[in-house]
Amino acid sequence: GGGSSGLIGNGMEFVYRGYGVSGPDLQVYTSVALLPWSIKALMGVMSDGFPLFGYRKISYLLVFAALAQLAYLPLGFLVGGQGSPSARPDQKGPPVASSPPPLPLPVVTIGFFLLYVQMTLSDLLVEGKYSEKVKLSPERGPDLVTFVWGGVS
């Protein structure tokens, strides 16, 4: 899963520690990255009030999934720091050509922010969609909610 303590959240601290970020700065960077969870209601108002391509949910899911992919790739392949081979001062010989330079810390934080925007929007819009379905067929509501949350966990 995702969230602040899921697959991405647990790795985020290690990435920041690899950059040598202090404890107080780590809290600031993490707060910025997790900001989308705080503005979830605003995202809902935005998707309901300003449909993209004529759709209120699926268009936002697809657009922000694409943006998250743009963030996943560099974070997965280009994040450096003190723990990366490209940043080790004790490395013998010339630097390894396949080791790209690390991303600047603000770019890493923007990448994490985009990942959390995608997770927050997915959470919000899927909840909105199954709420619509539950209203149409209330007797099937518990089954639908169980199905959705079974997939989440």
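Biologist: Which residues does Thr-120 touch, not counting residues up to four places away in sequence?

Modeller: Leaving out residues up to four places away in sequence, Thr-120 touches Pro-36, Trp-37, Lys-40 and Met-43; contact means heavy atoms within 4.5 Å. Do keep in mind that this is a predicted model, where local features need pLDDT of at least 70, side-chain atom pairs count only at pLDDT 80 or more, and totals for chains, interfaces and linings use all residues. Residues are numbered from 1 along each chain as its sequence is written, and side-chain values use heavy atoms, with hydrogens and water left out.

Biologist: Why does Thr-120 count as buried?

Modeller: Buried means under 20% relative accessible area, exposed means over 50%, and partly exposed is in between (1.4 Å probe, protein chains only). Thr-120 has 0% relative accessibility, so it counts as buried. Its place is in helix 6; helices (H or I, at least four residues) and strands (E, at least two) are DSSP runs, numbered from the N terminus.

Biologist: What does the side chain of Thr-120 reach at 2.6 Å?

Modeller: That is the backbone oxygen of Tyr-116. A polar contact is a pair of N or O atoms within 3.5 Å; within protein, one must be able to donate a hydrogen and the other to accept it, and residues adjacent in sequence count only if both atoms are side-chain atoms. At 2.6 Å, the Thr-120 pair lies within that limit.

Biologist: And Ser-47: why does it count as buried?

Modeller: Its relative accessibility is 1%, so Ser-47 counts as buried. Ser-47 is found in helix 4, residues 40-49. A polar atom of its side chain lies 3.1 Å from the backbone oxygen of Gly-44. Ser-47 also touches Arg-56, Tyr-60 and Leu-125, again not counting residues up to four places away in sequence.

Biologist: What makes the largest nonpolar core a core, and which residues have the most contacts inside it?

Modeller: A nonpolar core is a set of buried Ala, Val, Leu, Ile, Met, Phe, Trp, Tyr and Cys residues joined through side-chain atoms within 4.5 Å. The largest one has 18 residues, and Tyr-16, Val-108, Phe-112, Leu-115 and Tyr-116 have the most contacts inside it. Helix 1 (7-18), helix 2 (23-33), helix 5 and helix 6 (105-136) each supply at least two residues of this core. Helix 6 gives the largest share, six residues. A second, separate core of seven residues includes Met-43, Val-117, Leu-121 and Leu-125. As background, nonpolar side chains tend to be buried together in soluble globular proteins.

Biologist: How many helices and strands does the protein chain have?

Modeller: There are seven helices and zero strands. Buried residues make up 30% of the 153 residues. Among contacts with a separation of 6 or more, 66% come from residues 24 or more positions apart.

Biologist: How do you know that Lys-57 forms a salt bridge with Glu-132?

Modeller: A salt bridge is a side-chain nitrogen of Lys or Arg within 4 Å of a carboxyl oxygen of Asp or Glu. The closest N and O atoms of Lys-57 and Glu-132 are 3.0 Å apart, so the pair meets that cut-off. Lys-57 lies in the loop between helix 4 and helix 5 and Glu-132 in helix 6, so the pair ties together parts that are 75 residues apart in sequence. Lys-57 counts as buried at 15% relative accessibility, while Glu-132 is partly exposed at 35%.

Biologist: Which other salt bridge does Glu-132 form?

Modeller: Its side chain also meets that of Lys-129, at 3.2 Å from N to O. Lys-129 and Glu-132 both lie in helix 6, three residues apart, about one turn of the helix.

Biologist: How far apart are the closest N and O atoms of Glu-13 and Arg-17?

Modeller: They are 3.9 Å apart, which is still within 4 Å, so this counts as a salt bridge. Both residues lie in helix 1, four residues apart. The whole structure has six salt bridges.

Biologist: What makes the group with Leu-67 a nonpolar patch?

Modeller: Patches are made of residues with over 30% relative accessible area and no salt bridge: like charges are joined within 9 Å, nonpolar side chains (Val, Leu, Ile, Met, Phe, Trp, Tyr) within 5 Å. Leu-67, in helix 5 (residues 58-77), has 32% relative accessibility and counts as partly exposed, so it passes the area limit. Phe-53, Tyr-55, Ile-58, Leu-62, Val-63 and Leu-70 are the other members, and the patch has about 740 Å² of accessible area together. Accessible areas come from the Shrake-Rupley method with a 1.4 Å probe; for residues, only the protein chains shown count as cover.
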